[in-house]
Amino acid sequence: MKAPTERFLREKREESILSRLLKLICSVRLGVGLLIALGLACFIGMLVMQQNVDGFDRYFAELTPSQRLVYGSLGLFDIYHAWYFNALLALLSLNIVLASIDRFPKTWLFVSKPNVTVPIRWLRDQRSSSSLEVPGDRGEIAASIAAEMKNAGWKKTVVSEKAGKTFVFAESGLWNRFGYLAVHVSLLTIFFGGFLTAQLGSTGQMPIAPGETSNLTLDTVVELDQAHQITKQLPFEIICTDIQQKLIRQDGPITVGNTIDWLTYFQIKDETGTHEAFVQMNKPFDYRGYRFFQASFTPIGRARNITVRLTPEAGGPIEDIVIPRDGSVTLADGNMIRFSEFRGNFSIGREDPNEDTSAYPNPGAILQVFQPGQPPVTAYAFGPKLANMPVAKKPVAGYGYQLIDFEKAPDRHVLAVQRDPGSNVVYVGFLMLFITLVGVFFFSHQRVWAAIEKNADGINEVTLAGNTNRSQNTFDEKFSQFVKSLQRQEHGESV
Amino acid sequence: MNQEVLNQPVLVSDENIPADGQSSNWWSYAPFLIAIFGAILLLLAKVVVGGDRFISDGALMMLALASYLIAAVFFLTNFYAPFKFAESLGLWAAMLGVFFNLSSWLVRWAAAYDRELAIFTNQGNSASDMPWIFRYVPFANLYDLSLAFAFGAGVTTLLVMRRHQFRLVAALSLPLAAIILVLARFIGSEFIDLPPVLDSYWRPIHVGIASLSYGVALVCFAVAVLYLLKDGLKVEKMAVWTSIFALSVFATISKFSVFNPSSFGTYTASTFVGESRMSLALRADIPYVGWLLVCAAALMIGGIFAFASYFSRNDDKMRVFGNRLMQAALIVQAAGIGVLVYQIKTIQYVVDHISTSQYERFGVWMLQQEDVPQAQINLMGSQQLFDISSKWITENASRLHLSLNANPVELAALITAFAGTFFIVLFSFKTDKIREALPSAETLDGLMYKLAGVAFAGLALLLMTGAVWANESWGRYWGWDAKETGALVAWLTYAGFLHSRIAYGWKGRRSAYFAIIAFLFVIFTYLGVSYLLPGLHSYA
């Protein structure tokens, strides 16, 4: 026993560094180690708040200077983009590729050289094993066993002779041996998709209100507690035509909690023409490799349309008109009323952009009235709370104006504009991974053997055995049924 | 055939052929099918009959909780005194638990629809404008997820119990499912207005997969613990680990106050104001609880030392002494939880129990809730913050109150620590008899492998569906959000479990340790992320 050990050690010493390195990189040991290291890094990333998460500035402010220094220098505030995290991913990818290459020849042997004939002793050592004594012609017995194997689900059968023994071999689910390869290819596909996203993808936000046109997106770049925005240009123009916020409680505020959905109607204009587009929550719109999402909104109280009651100054029938945002209505007398502005909390003078008007405490609309041949004049329409203001009672262009109703809408919607050439690749990887996992865990490669030889009494002794690469208990039961059916068959024949 | 000779007993041990023959026929699915179809029938009854007098989802949840506990008691007694009738009763109680659990979830679905329909019609809207029914699938918050998680664990247990030999798994998995329901009870069953981003058909798919995968992971964890027991791992070693877990719980709850030298022996509970369901960053001292926890901790530390002595010197007296200490710790923990619940229910004027040392910090918290920029808060002096806080507390003193719902994770953690000690005390009693009652280690290992495989596939699906949904809603399929990262870490752990098994042939204890760690990550993802870490999944 000494000589082989020495030879082994000598061969190991003579192995080149490159060869040893390659062995290490393609080892399962490294793969499991990398999985653990990645898991640990992810766990740290969960515990240490990442700089792109809302509230990071508060978290950062509460850390001690030494914590900031240590976490910062280790890249823990943005661990998922740290060089060592990427290195771990790259090394894992390499490990997966090399491990697949390394294991493939061994796996291919199941296809190229299936163990059709095996030593009887090995068969007896299998967990699922049994033996029978069967009289009759050996060829007929082999054919009968092969048929029974097929009945049991081991479709691929081979009958062969070796050293005076007849072997019947059958198997099913051979492809399952290649499951690991499919899992590895799926994971690499997902990693590749992620790489494409990181390298070629872009993201940005576009705040837009009805009537506005833009071809610019804003991308927020965060560095610790500092954030700055980068402007990017799209190869087409976006023209917002309408925004709508569907509320649960119509009398409630335009907050997230009271919202069913946000809808944005817009047009895309480029050299090919003008195209209608529409997005809402969870329903993005795709155009030329760009995807538009409903991202957020500016919760300043506006109105999508207003219903104004016109009371003629000179008497006469009262009329209710509905005017859409930035729209106008022409009256029978030729006057045109334009809806130019709406405030959720009306006050004379400039609007405070920081004021929370999402609850519409004092709604009011500013109108422009165009009389034929005269310059436009401003009129105000208020709800019941402000109806007693002097300006509310003052007739303009022959009418008194009262705000009867309005459809609440925010000041503007924010669309996320994303270009992600990697997402479809990732989806393909997901699909492959799902199919593969189902294949790998819910199916197995099962092999069964029957070796027939004459014993000392000249009777055919049949040694039956089988094994599986997965689901041992299920296989045991199946094998048990197979043996029982053989026993029944033999019993039936003898009767 | 002249004569047949079997060299070995044919392949299948007695364990694989159950005595009652229920493993392979359709009848073994009966409890599962009855529970599922029964719950669907109850939902139909709710839809047809409806009305406020119909049994509520909360009542059904409590029935599920009781059923799981009753089933667990029957199976636990079967460890010591195997009795077929008790086992059958346990099976049917487990079936009832799953039935009530699923019914609770389904009735909640209908109730959520009715609630929004009432709001909608009160607003003068037509019922025909109501959003699609899947908007109301109860997967909107942590209560819903907990209900479904417990169902996932219950239904997996029921399916595992198809095989007679695995019925005792329920003795451990059902109490764990019950703890999840207790947590749900503490979280509170109030409906929320669904954030629009969650109004997607991906939500039931994604969260449904999450809850079922978590349930499978829970049962896998239970099997892993039973495997370790069967494999001969000393109960005393388990006691050391459960004591470390309990000590960690005592150390971290109540904002680390129990063992903190400056507030040693103090336990504080979060407060609510008025009808608000958001707990304040203002904690009230709950007398005696902290000291009871300190006492339990001291007993456990004593137990750990006693067991360490037993391990090193094989001194059986120390083993017995350690077990006595664990029994005492169990009683003290029970007293601590009892006193805590009693006082939360009975303390009237909460302000008397609030230390003024919290005022400054509470002032900061209040300003943060009002979205005051951090830079502006930093400029404020301590006295100013104290005054803001003091003024608010004085004004709202009569509206401040305590509630079991204010500290759901803490209470659930205390109950879990108690349950851990309970099982240790139980396992230390006639351990050999329990080991004898369990299926073979190899069989348990096989079951653990299957469950880990399903949990792995489930978590993979969870990550995939989450990625697709995220891409539809947020414009990126992966964003390293805490919850998705947590699920990834749990998935990687199961990957490590399976990989090491396939490639190294790691089985048995090593696999069991992997299964236990993976489940801890699942729990961290389920609870820790929602309550401790910020992110896009903070709602659930």
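This is a predicted model: local features need pLDDT of at least 70, side-chain atom pairs count only at pLDDT 80 or more; totals for chains, interfaces and linings use all residues.
Residues are numbered from 1 along each chain as its sequence is written, chains are lettered from A and ligands numbered from 1 in the order in which they are written, and side-chain values use heavy atoms, with hydrogens and water left out.

Helices (H or I, at least four residues) and strands (E, at least two) are DSSP runs numbered from the N terminus. In chain A, helix α3 covers residues 28-47. Buried residues (under 20% relative accessible area; exposed is over 50%, partly exposed in between; 1.4 Å probe, protein chains only) of α3(A) include A:Leu30, A:Leu34, A:Leu38, A:Cys42 and A:Met46.

Strand β1 of chain A (residues 128-134) is mostly covered, with 7 of its 7 residues buried. In a regular strand the side chains alternate between the two faces of the sheet. From β1(A), A:Ser128, A:Ser130, A:Leu132 and A:Val134 point one way, and A:Ser129, A:Ser131 and A:Glu133 point the other way. Strands pair if DSSP finds at least two bridges between them; β1(A) and β20(A) (residues 460-468) pair in the antiparallel sense over 7 bridges, and A:Ser128 has A:Gly466 as its bridge partner in β20(A).

Chain B holds an open sheet of 3 strands in the order β2-β1-β3, with antiparallel pairing. The edges are formed by β2 (280-285) and β3 (400-402), each with a single partner strand, so one side of each is left without a neighbour in the sheet. Neighbouring strands are turned by 50° against each other on average, direction ignored; the axes are lines fitted to C-alpha atoms (for helices over the stretch in contact), and angles run from 0 to 180 degrees between N-to-C directions. Between β1(B) (residues 268-273) and β2(B) there are 4 bridges, and B:Ser270 is partnered with B:Arg283 of β2(B).

Grid points are joined across faces, edges and corners, and a volume is the space filled by probe spheres set on the points. The second largest pocket contains about 930 Å³ of space. Of its 31 lining residues, the closest to the centre are A:Phe442, B:Leu159, B:Lys450, B:Leu451 and B:Val454. The largest share of this lining, 10 residues, comes from α15(B).

The whole structure has 4 cavities of 30 Å³ or more. The second largest cavity has a volume of about 170 Å³, and B:Ala112, B:Tyr136, B:Ala140, B:Phe191 and B:Ile192 lie nearest its centre among 16 lining residues. Helix α3 of chain B (residues 84-122) gives the largest share of that lining, 4 residues.

Technical notes. On a 1 Å grid over the protein atoms alone, a cavity is a set of points where a 1.4 Å probe fits but cannot get out, and a pocket is an open set with protein on both sides within 12 Å along at least five of seven lines; lining residues have an atom within 4 Å of a point. The expected span of a helix is 1.5 Å times one less than its number of residues.
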